[in-house]
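I opened my notebook and loaded the model. I wanted to look up a few things and write down each one.

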There are 2 protein chains.
Amino acid sequence: MSKRLTTREDDYSKWYNELVVNADLAENSGVRGCMVIKPYGYAIWEKMQAELDRMFKETGHENAYFPLFIPKSYFSKEASHVDGFAKECAVVTHYRLKNDKNGKVVVDETAKLEEELIVRPTSETIIWDTYRKWIESYRDLPILVNQWANVVRWEMRTRLFLRTSEFLWQEGHTAHATEEEALQESKLMQKVYAEFAENFMAMPVIQGSKSESERFAGALETYTIEALMQDGKALQAGTSHFLGQNFAKAFDVKFTSKEGKREFVWATSWGVSTRLMGALVMTHSDDKGLVLPPKLAPFQVVIVPIYRNDEQLDAIIEKANELVTNLKKAGVSVKFDKRTTHKPGWKFAEYELKGVPLRIAIGPRDLENGTLEIARRDTLEKQTISIDDTVSFVEKTLSEIQDNLFNKAMNYRNEHITKVNSFDEFKKVLESKGGFISAHWDGTIETEEKIKELTKATIRCIPNDAKNEDGKCVYSGAKSIKRVLFAKAY
Amino acid sequence: MSKRLTTREDDYSKWYNELVVNADLAENSGVRGCMVIKPYGYAIWEKMQAELDRMFKETGHENAYFPLFIPKSYFSKEASHVDGFAKECAVVTHYRLKNDKNGKVVVDETAKLEEELIVRPTSETIIWDTYRKWIESYRDLPILVNQWANVVRWEMRTRLFLRTSEFLWQEGHTAHATEEEALQESKLMQKVYAEFAENFMAMPVIQGSKSESERFAGALETYTIEALMQDGKALQAGTSHFLGQNFAKAFDVKFTSKEGKREFVWATSWGVSTRLMGALVMTHSDDKGLVLPPKLAPFQVVIVPIYRNDEQLDAIIEKANELVTNLKKAGVSVKFDKRTTHKPGWKFAEYELKGVPLRIAIGPRDLENGTLEIARRDTLEKQTISIDDTVSFVEKTLSEIQDNLFNKAMNYRNEHITKVNSFDEFKKVLESKGGFISAHWDGTIETEEKIKELTKATIRCIPNDAKNEDGKCVYSGAKSIKRVLFAKAY
């Protein structure tokens with residue numbers, strides 16, 4: 001893997017694809033639009049899952065599992081949901097194959113389903129069809145359930161992690177007795193997502209709500225976390241929806257209140273997906289490859305022995321094993337790559353490409369001197385330290401790397417939020433600098449669509465902390481009371 | 001849920017279904033043959049997953065993810081695999097829906113796939129199509145990969161957990177340079193499964209290999225773990241397959257050996273599924289409901305307060321919170337059910353039904369005396385102990401329950417292995433007593449099929465520890481050198 005990547009400046013999109021494939025994160029499969037997540041990439045996703053799952057459980061949620069298939073008719077039940085989701089879907093029509101006369105495998109036409117099944121693009125419909133059976137009285141509420149699952153949305157133009165026909169995600173689906181409680185839940189999950197993005201992915205995000213046209217199909221309000229990639233494009237990293245009583249009405253889910261009245265249940269849903277893997281790559285990585293925040297690295301430290309003969313290798317192995325034990329004891333995940341099938345230079349390039357936060361090299365002279373060389377992936381700085389100081393040095397440096405990555409991304413993000421007051425300025429900044437554009441908007445779908453048509457920029461969100469301020473819409477000149485954030489987006 | 005279950009004696013099958021639904025493990029969904037795994041059931045599955053995943057990683061495996069869909073043509077590539085798997089499958093033929101004139105959702109006939117996609121019934125084909133790209137030389141071997149995923153096998157007659165059209169499972173797929181290494185791997189995973197079944201599920205299993213006709217489609221050898229349920233029927237709980245070079249040949253996966261020769265790669269695959277949930281239920285549970293081994297219980301202890309007024313409840317809550325802290329500190333998972341919406345009697349029945357290993361009740365008199373009442377789910381014994389002894393008592397008793405469940409199941413299993421020497425005896429034992437029948441078999445498929453036809457019993461396995469012993473086939477009278485185990489099976 002000493003292969004050099006295309007640089008970000010030369011071709012950002014090509015750089016991204018090469019990095020994802022060469023760093024062993026994922027690759028395209030023989031199935032159009034579906035990816036294979038390779039072990040190294042999956043190990044990062046597992047770390048994300050573990051932290052998110054912990055956070056969900058700490059906020060009172062439980063996991064469950066609902067069917068992969070949804071009967072076609074379910075999609076007709078929630079009117080706005082149909083338009084949003086029952087479009088580009090994988091449709092199961094038959095349930096049997098057979099061998100034809102020539103021994104070829106063909107679909108058995110006699111085994112046709114009476115009602116087609118849709119591979120879930122999201123599970124609101126099947127879950128609310130289930131909740132009807134689970135909910136009778138206020139005693140059964142709230143229901144705070146999450147599902148880890150695969151979903152399918154047929155995509156014509158796909159990109160690894162960012163847009164694939166099948167992807168992995170979690171989807172939370174909660175049911176509440178009151179509007180207020182459901183609203184609080186959807187805001188809470190936005191906050192959980194923001195904390196995860198910032199504290200674990202070291203990726204700063206803006207919390208806000210979506211404009212009507214960017215909302216989830218069937219939602220009254222969509223809360224989002226928006227991140228900024230290194231090419232100046234925004235990426236929606238997670239959404240949490242307040243669904244009102246729409247799904248309860250569509251699937252007739254009522255409960256008996258404490259006062260004995262029959263009322264419709266209030267709902268939320270929220271999700272993040274393997275898209276976060278793409279966001280992680282594009283937030284921190286450089287032209288040498290992946291850069292991983294220590295909290296999500298499959299291994300935080302790699303040890304590479306430098307030797308000329310077996311005797312030297314044996315001596316290094318002894319010392320390195322000791323080091324591994326001490327690092328593990330301190331809670332540091334470490335890989336000791338003592339393979340003799342690959343040269344140190346190959347290994348250095350490999351772990352740089354894979355974004356391992358710290359690389360330790362130990363040679364015969366180090367053994368004599370009681371030292372080792374340690375290199376940071378984020379700054380590419382090397383340092384020789386006493387072998388006895390390794391554990392404390394590693395602990396301190398991993399924490400510094402995590403902070404450094406966040407701060408660097410935060411600075412970049414902050415430098416790329418630009419206030420504009422005219423449409424000319426809007427277009428100029430968008431083309432020259434990119435990033436988020438903070439501008440007044442008149443609140444109409446028409447203006448939003450016109451701006452999108454003319455510039456490809458969309459409203460990413462109305463920030464939670466947007467201040468009221470009198471202004472004029474950057475496009476129509478009509479009255480506006482707050483600025484919203486526009487950007488080109490993934 | 002004070003609803004009484006049908007007894008096992010009255011109707012074993014009905015008892016099972018009622019238990020699974022009423023103990024909140026799973027239920028049928030609106031989609032034919034697909035189940036909803038409810039939070040309590042899923043929490044048990046998560047515990048199984050966590051232990052298995054740890055065991056897989058300790059034996060050197062990594063997780064990855066492969067596509068849900070498999071192009072139809074892939075199934076034609078491995079001849080014996082076609083017959084075994086490309087039959088009762090969900091077939092995706094279209095990728096878009098639309099609204100018709102009346103606003104109804106219909107399949108868009110213009111969006112027909114050129115090649116149909118099959119929802120994976122198992123992933124050998126798509127994975128070996130991928131391994132071709134991953135493997136060039138011996139340096140790339142072994143590949144030790146596992147996948148946690150959902151799979152679909154269309155079933156006409158389904159039963160919760162035991163046979164559902166969609167189920168959750170893990171499938172390991174490994175690639176090796178030598179036959180010996182692949183064989184060792186498939187045997188190792190059989191051992192891992194047996195350890196998991198016995199040490200965590202408290203379910204004794206017999207390790208053996210399958211007869212040719214019961215082997216996985218495409219395997220040269222299938223190793224199995226077989227358990228015995230309380231109704232005398234066997235249940236195949238996990239299988240590990242030695243696949244030889246069949247899939248490597250079908251998908252042209254070769255590697256360059258150390259000696260520079262191009263050779264086909266050797267393969268294994270192995271899996272366990274949510275079927276284990278069914279096995280767990282049927283191994284330990286009784287007419288009052290689920291009985292859970294402590295190592296897989298979502299919570300091992302439940303605390304129920306007994307009170308007449310708020311003052312009493314407050315005093316109990318204070319004491320119980322202290323207890324919860326101490327138990328958690330000792331690594332015991334505990335739930336304190338202080339809900340005022342449900343009466344103690346309801347809670348007692350509920351947690352009995354849900355198989356919580358230990359139930360603690362605390363009332364006002366207990367507070368005065370410094371005592372509490374603790375009840376074991378497995379023996380239904382109650383005991384009053386000093387509140388100060390709780391932690392050590394709980395730790396000791398949980399360990400006793402785990403052992404007791406295993407020993408009880410082991411005794412039952414051992415009492416239900418019967419040696420027979422004639423076909424009359426075979427039929428009589430099968431009908432009167434059930435369980436495993438240890439009998440001589442002439443090694444032919446014909447005899448195996450005839451016995452199945454006449455008795456519904458199949459060869460569950462040729463036990464790994466079967467001793468060579470001269471004998472005559474119980475059906476044909478032909479020569480036989482070892483006994484095999486027959487049983488009716490799930």
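First, a term I need: a residue is buried if 20 or more other C-beta atoms lie within 10 Å of its own. I also note that this model is predicted.

Entry: I looked at α1 of chain A, residues 12-22. Which of its residues are buried? I found A:Trp15, A:Tyr16, A:Leu19 and A:Val20. They cover an arc of only 125° around the axis, so they sit on the same side of α1(A). Next I asked what the buried residues of α1(A) pack against. The partners are β1 (26-28) and α7 (275-284) of chain A. After α1(A) I came to A:Asp24, which has a positive phi, near 65°.

**Entry: helix α4.** I moved on to α4 of chain A, residues 124-134. Here 8 of the 11 residues are buried, so α4(A) is largely enclosed by the rest of the structure. I listed the buried ones: A:Glu124, A:Thr125, A:Ile126, A:Ile127, A:Trp128, A:Asp129, A:Thr130 and A:Tyr131.

**Entry: domains.** I checked how chain A is divided. Domain 1 takes 12-66, 132-212 and 223-284. Domain 2 is 301-397, and domain 3 is 417-487. The centres of domain 2 and domain 3 of chain A, taken over C-alpha atoms, are 50 Å apart.

**Entry: a sheet.** I traced an open sheet of 5 strands in chain A. The order is β18-β17-β19-β20-β21, and the pairing is mixed. Which strands stand at the edges? They are β18 (334-336) and β21 (382-386) of chain A. Each has a single partner strand, so one side of each is left without a neighbour in the sheet. From one strand to the next, the twist averages 25°.

**Entry: strand pairs.** I followed β19(A) to β20(A) and found 4 bridges, in the antiparallel sense. In this pair, A:Arg359 stands opposite A:Ala375 in β20(A). Then I took β20(A), residues 371-376, which 5 bridges join to β21(A). These two also run antiparallel. A:Thr371 stands opposite A:Ser386 in β21(A). The hairpin of β20(A) and β21(A) has 5 residues between the strands. There, A:Leu380 takes a positive phi near 65°.

**Entry: two copies.** Last, I compared the chains. A rotation of 180° with 0.0 Å of shift along its axis superposes chain B on chain A, with an RMSD of 0.0 Å. The two copies are thus related as by a two-fold rotation axis. Which C-alpha of chain B is nearest the axis? It is that of B:Val92, 2.1 Å away.

Key
Residues numbered from 1 in each chain as written. Chains lettered and ligands numbered in written order. Predicted model: local features only at pLDDT ≥ 70, side-chain atom pairs only at ≥ 80, totals over all residues. Least-squares fit on C-alpha atoms with pLDDT ≥ 70 in both. Pairing = 2+ DSSP bridges. Axes fitted to C-alpha atoms, helices over the stretch in contact; angles between N-to-C directions. Domains from an automatic or database assignment. Buried ≥ 20, exposed ≤ 12 C-beta atoms within 10 Å, placed from the backbone. Arc of directions from axis to C-beta. Contact = placed C-beta atoms within 7 Å.
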